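Here is a short briefing on one protein chain. Look at the sequence and the structure, then read the points below.

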Amino acid sequence: MGRVVLYCNVFWLLFSLLTCTESYRLKLGALTKPGPGFFPFGAGILMLGLSLIALFQWMVKKEHSEETTEKKPLRWWNIVIILAATLAYALSLEKSGFLINTFLLVSLLLKVVEPQTWKTSILWGVITAVAANLVFNVLFRAQIPSGILGF
C-alpha cells in the first residue's frame, strides 16, 4: 500500500505543476484584476503544497513504520462508484438542479465509499449542499442550475 500512496502523491505533484504551468500561460493578471489563469494557478499552488506535505508525511511515516502493520484490501469498486456518481452528477445537473444533485452525490459517497450511518450521510449531504449553495449562489452570485423544482 505504501507504493500506491507514493504514486498518488507523485501524480498530484506533477498534476499541480502542469496546472500551474498552463494557468500561467493564460495570464494571471493582478490581485485587484485577476486574469483567466489566476484561480487555476492558485489551485495549482494549493495542490502543490498539499502534495508536498503528503509526500513528506509518507516519507516520515515510512521511516518509523514497522512491517507488521496489517494490510487492508484495496477496494477497486469504490473507484467505479465514484466515477459513475460523478458522471451521473454532471449529466443530471441541468435537470435535477445543483442542490438536489449535490445532496445526492455527497450522501451517496459518504454512505457507500466510506461507510457512514444513514443519519450522518444525509446530515452531511444537506450541510454540504446548503453550504455550497450559499457560497456559489449567494456569495459569488454564480449561475447554478436550479433544476425542475426551481431551487
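Of the 151 residues in the chain, 21% are buried. Buried means under 20% relative accessible area, exposed means over 50%, and partly exposed lies in between (1.4 Å probe, protein chains only). This is a predicted model: local features need pLDDT of at least 70, side-chain atom pairs count only at pLDDT 80 or more, and totals for chains, interfaces and linings use all residues. Residues are numbered from 1 along each chain as its sequence is written, and side-chain values use heavy atoms, with hydrogens and water left out.

**Fold and overall shape**

- The chain has five helices and zero strands. Helices (H or I, at least four residues) and strands (E, at least two) are DSSP runs, numbered from the N terminus.
- Along the sequence, the pattern reads α-α-α-α-α.
- The chain is more spread out than a compact globule, because its radius of gyration is 19 Å, well over the 15 Å that the globule rule gives for 151 residues. The radius is taken over C-alpha atoms, and the rule is 2.2 Å times the number of residues to the power 0.38.
- Taken along the principal axes, the C-alpha atoms fill a box of roughly 55 × 45 × 20 Å.

**Contacts and surface**

- Take the contacts (heavy atoms within 4.5 Å) between residues at least 6 apart in sequence: 56% of them join residues at least 24 apart.
- The accessible surface comes to about 11700 Å², and 72% of that surface belongs to carbon and sulfur atoms. Such areas come from the Shrake-Rupley method with a 1.4 Å probe; for residues, only the protein chains shown count as cover.

**Aromatic rings**

- The structure holds five aromatic pairs. Rings of Phe, Tyr and Trp (its six-membered ring) pair if their centres lie within 6.5 Å; planes under 30 degrees apart count as stacked, over 60 as edge-to-face and the rest as tilted.
- Trp12 and Phe15 form an edge-to-face pair, because their ring planes stand at 90°, with centres 5.6 Å apart.
- Trp12 and Phe15 are three residues apart in helix 1 (residues 2-25), so about one helical turn separates them.
- Trp12 is partly exposed, at 42% relative accessibility. Phe15 is also partly exposed, with a relative accessible area of 34%.

**A lysine in another helix**

- Lys119 is found in helix 5 (residues 118-139).
- Lys119 counts as exposed, at 71% relative accessibility.
- From C-alpha to C-alpha, Lys119 and Trp12 are 33 Å apart in space, and they are 107 residues apart in sequence.
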